[in-house]
Amino acid sequence: HPLLAFTAILAIAIGAGAAGCLNMWWDQDIDKLMSRTQRRPLPSGRIDPDTALSFGIILSGLSVITMGVTIHWFAAALLATTIFFYIVIYSMWLKRWTPQNIVIGGAAGAAPPVLGWAAVTGQVDAYALLLFLIIFVWTPPHFWALAIMIKQDYAAVRIPMLPVVHGDRATVTQIILYSILTVGCSIMPLFIGELGWIYGIFALILNALLLNRVLGFHRKIERKQAVSLYLYSMLYLALLFLSMAVDRTIL
């Protein structure tokens with residue numbers, strides 16, 4: 001039902017917003033020292049930290065309760081787990097502890113397709129996990145490009161991002177590896193018969209452009225190349241999932 005679909009998407013969006021709010025509450029000490037984040041509400045002083053914490057907790061609870069009461073509690077439990085994973089496992093632990101923070105922590109960012117699938121079907125199927133996997137392996141190239149762009153900020157606040165700990169060249173090598181995995185995962189829906197030729201054409205073009213930017217970055221490791229890859233990676237994921245929806249709708 002359209003109203004239930006809207007409610008499920010709204011609950012997931014509110015949960016994501018709550019996680020972002022709590023993340024900024026936890027990271028306010030480093031956000032005020034990084035040029036990219038200094039103008040966020042907490043480090044800039046526009047929002048009181050206690051207010052932000054309360055707001056994030058209330059939003060988290062409302063998103064989970066809304067999902068449980070209006071859709072079902074299985075999807076609500078997955079939403080609650082995702083918020084917990086992002087705040088506690090990623091923000092409070094992994095981010096400041098290991099260079100692989102964004103790889104493991106990326107599981108939270110890859111969860112929304114699974115949450116949507118669970119909201120509609122009441123279960124998690126193999127195809128939902130494939131959608132999860134596409135975003136999971138896409139996340140490191142996307143975020144490491146950003147990390148290279150602002151590695152001085154991360155170094156200043158002692159966050160062990162991969163470019164800070166192992167350098168740009170090693171990071172770009174990892175970007176190539178995960179980009180290849182992204183391409184492989186993105187074409188899997190074709191082989192298992194879930195999507196058709198419309199998606200196939202879009203996936204072919206988008207993956208070719210992705211690999212072109214990644215290889216260009218490998219040839220010339222400069223900020224300009226990192227910015228190009230970072231911006232394109234966002235467009236890549238949006239158009240890839242849009243083409244899935246178009247393919248399902250038409251075919």
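The largest nonpolar core here has 50 residues, and W144, Y154, Y236, L240 and M244 have the most contacts inside it. A nonpolar core is a set of buried Ala, Val, Leu, Ile, Met, Phe, Trp, Tyr and Cys residues joined through side-chain atoms within 4.5 Å; buried means under 20% relative accessible area, exposed over 50%, and partly exposed in between, with a 1.4 Å probe and protein chains only. Keep in mind that this is a predicted model: local features need pLDDT of at least 70, side-chain atom pairs count only at pLDDT 80 or more, and totals for chains, interfaces and linings use all residues. Residues are numbered from 1 along each chain as its sequence is written, and side-chain values use heavy atoms, with hydrogens and water left out.

**Cores**

- The elements giving two or more residues to the 50-residue core are α5, α7, α10 (168-191), α11 (197-219) and α12. Helices here are DSSP runs (H or I, at least four residues), numbered from the N terminus.
- α7 supplies the largest share of this core, 15 residues.
- Another core, of 16 residues, lies apart from it, with A75, A76, I83 and A119 among its members.
- Leaving aside neighbours within four places in sequence, M244 is in contact (heavy atoms within 4.5 Å) with Y127, L131, I134, L195 and Y199.

**How α7 packs on α12**

- Helix α7 (residues 126-149) and helix α12 (residues 223-250) pack at about 160°, with their axes 7 Å apart. Axes are lines fitted to C-alpha atoms, for helices over the stretch in contact, and angles run from 0 to 180 degrees between N-to-C directions.
- That makes α7 and α12 roughly antiparallel to each other; the cut-offs are under 35 degrees for roughly parallel, over 145 for roughly antiparallel, 65 to 115 for roughly perpendicular, and oblique for the rest.
- α7 passes α12 in a left-handed crossing, meaning that the near helix is turned anticlockwise from the far one by less than a right angle, while clockwise would be right-handed.
- The residues of the α7 contact with α12 split into 20 nonpolar, two polar and two charged. For these classes, Ala, Val, Leu, Ile, Met, Phe, Trp, Tyr, Cys and Pro count as nonpolar, Asp, Glu, Lys and Arg as charged, and the others, Gly among them, as polar.

**How α5 packs on α7**

- α5 and α7 pack at about 130°, with axes 8 Å apart, so the two are oblique to each other.
- The crossing of α5 past α7 is right-handed.
- On the α5 side, the contact uses I102, V103, I104, G106, A107 and G109; α7 brings F132, I135, F136, T139, P140, F143 and W144.
- By class, that contact of α5 with α7 has 10 nonpolar, three polar and no charged residues.

**Residues worth a click**

- N101 sits in helix α5 (residues 101-109) and counts as buried, at 0% relative accessibility. Not counting residues up to four places away in sequence, N101 touches Y90, L94, K95, G106, I159, P160 and M161.
- F132, in helix α7, is partly exposed at 22% relative accessibility. Again not counting residues up to four places away in sequence, F132 touches A107, A110, A111 and V114.
- R158 is in the loop between α8 (151-156) and α9 (162-166), and is exposed with a relative accessible area of 75%. R158 has a positive phi of about 60° although it is not a glycine; most residues other than glycine have a negative phi.
- I9, in helix α1 (residues 2-26), counts as exposed at 58% relative accessibility.
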